[in-house]
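I am opening a notebook on this structure. Each entry records what I looked up and what I found.

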Amino acid sequence: MKRAHVLSVLVSLAALACQASPSSPADVGGGGTSSAAGGSTSAGGTTSAPPDAYFPASWIYEPIANAPVHPESATMTQWLQNNGSWGSGQMRIDFSLQVLVANEDTPMRSFEPTDEFYEPDCDHVEVPLPAGGALEEEEGYACLGDGDCHLIVRDPIRHRLFELWRANVTDAGFFGGCLAAWDMTRVYDEVGRGEHCTSADAAGFPIAPLIFTADEVASGEIRHAIRFILPNPRMRAGVYARPATHGASPSGPEAAPIFGGRWRLRADYDLSTLPSEGARVVARAMQTYGMALADGGDIAITGQSDRFTAAKWEGLLDSYDLSALQPTDFEVVDTGAAIPITWDCQRTPY
């Protein structure tokens, strides 16, 4: 959750979007082509982004298999192992996030900001609403379950990725919390949308590029980092680390993992012990591109809902297929010194 909830527990990034199934509404799904494909230079070196990447280049597409280990890696992973492990006690996968795709006929809608919209962090601009779409954990655009209700829309026409937290569209109007409107033609530097600035995810990351899809897993390869979350008490208080630009309200001790950090599955982990090929595909991505600690919450790993993808999760990957993975099976990558949380967003103009 965002800044209005800094004294409460965060509850919960992104996969590369894939083509919508033929039976899906024409402008809804996980697909769409961005003009942002191609290789370029990121903070970690030259990174060749996949053809359907959200950005021309980004740390999200940067392999970290050979990146240096954080000097406190063993301390952080062992502390988490000894203090509850992943949020639910084991590594589980959440498949509730939808990624919609706009087309030239998708209407743009203005929204009324709620008290969960923060300035200057958030963008108050019109958002495309594809017909037949849905929010996170909802069947439509109404936020009936009072969850995070993320609205995520990839717009290849305007070259934007719209990610709105706590969206709610009813007969009474269109309401929303923090909106991050990402420019998909841009290579963002290390401060992203701005130092100390949040997005629709507390760490300031884009969500959709960090969540993997059933189509990706079925293809046998995920070519990007993976979003993961932990409960606030299991993240170190008062600081965040790159690639994050915002720290929310972690409350753990000095030995706890650092909000925003990148983790990778150890190279010597025996992938053959995992129960499905889908689990092995995800685990290989964890070894190559790692995971990014994006938000607070209980279900550690985020995959995209298969509602609008060609491949389906059933028979491919189960929510518990990664439950054998322990914190000590991972290493924390050294992404630089911890950054004190100030809440003073220095926003890069939209």
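**Entry 1**

Is R236 buried or exposed? I looked up its relative accessibility and found 4%, so R236 counts as buried. I note here that the model is a predicted one.

Next I checked the partner. The side chain of R236 meets that of E254 in a salt bridge, 3.6 Å from N to O. E254 lies in the loop between β15 (239-240) and β16 (262-265), and R236 in the loop between β14 (226-230) and β15, so the pair ties together parts that are 18 residues apart in sequence. E254 is exposed, with a relative accessible area of 58%. I therefore write this down as a bridge between a buried arginine and an exposed glutamate.

**Entry 1. Other salt bridges**

How many salt bridges does the structure hold? I found 18.

I picked E139 and R307 from the list. They form a salt bridge whose closest N and O atoms are 3.9 Å apart. E139 sits in the loop between β7 (127-128) and β8 (151-155), while R307 sits in the loop between β18 (301-304) and β19 (330-332), so this pair ties together parts 168 residues apart in sequence. E139 counts as exposed at 67% relative accessibility. R307 is partly exposed, at 29%.

Then I turned to D183 and R160. Their salt bridge has its closest N and O atoms 3.1 Å apart. D183 belongs to strand β12 (residues 179-183) and R160 to strand β9 (residues 160-164), so parts 23 residues apart in sequence are tied together. D183 has a relative accessible area of 18% and is buried. The cut-off for buried is under 20%, so D183 falls inside it.

I also noted a network. Salt bridges link R264, R266, D268 and E331.

**Entry 2. The surroundings of H150**

What does H150 touch? I first placed the residue: H150 lies in the loop between β7 and β8. H150 is buried, with a relative accessible area of 1%.

Leaving out residues up to four places away in sequence, H150 touches L97, L135, E136, L164, W165, A200 and I207. The side chains of H150 and E136 make a polar contact at 2.7 Å.

**Entry 3. Aromatic rings**

I counted ring pairs next. The structure holds 13 aromatic pairs.

I then looked for charges over rings. The charged end of R154 sits over the ring of Y54, 4.1 Å from its centre. The charged end of R193 sits over the ring of W182, 5.7 Å from its centre.

In what order do the strands of the open sheet run? I read the order as β6-β11-β10, three strands with mixed pairing. The edge strands are β6 (112-113) and β10 (168-170), each of which pairs on one side only.

I checked one pairing in detail. β10 and β11 (residues 173-176) pair in the antiparallel sense over three bridges. One partner I looked up is that of N168: F175 in β11.

**Entry 4. Backbone notes**

Last, I went through the backbone. The peptide bond from E119 to P120 is cis, with omega near 5°. P120 is found in the loop between β6 and β7. A cis peptide bond also joins R242 and P243, with omega about 10°. P243 is in the loop between β15 and β16.

Which value does phi take at R166? I found it near 60°, positive in a residue other than glycine. R166 is placed in the loop between β9 and β10. H196 also has a positive phi, near 65°, and is not a glycine. H196 lies in the loop between β13 (194-195) and α2 (214-219). At 11% relative accessibility, H196 counts as buried.

Key
Residues numbered from 1 in each chain as written. Predicted model: local features only at pLDDT ≥ 70, side-chain atom pairs only at ≥ 80, totals over all residues. Heavy atoms only, no water. Pairing = 2+ DSSP bridges. Helix = DSSP H or I, 4+ residues; strand = E, 2+ residues; numbered from the N terminus. Salt bridge = Lys/Arg side-chain N within 4 Å of Asp/Glu carboxyl O. Buried < 20%, exposed > 50% of the residue type's maximum accessible area, 1.4 Å probe, protein only. Polar contact = N/O pair within 3.5 Å; in protein donor to acceptor, adjacent residues only side chain to side chain. Contact = heavy atoms within 4.5 Å. Phe/Tyr/Trp six-rings, centres within 6.5 Å; stacked < 30°, edge-to-face > 60°. Lys NZ or Arg CZ within 6 Å of the ring centre and 35° of its normal.
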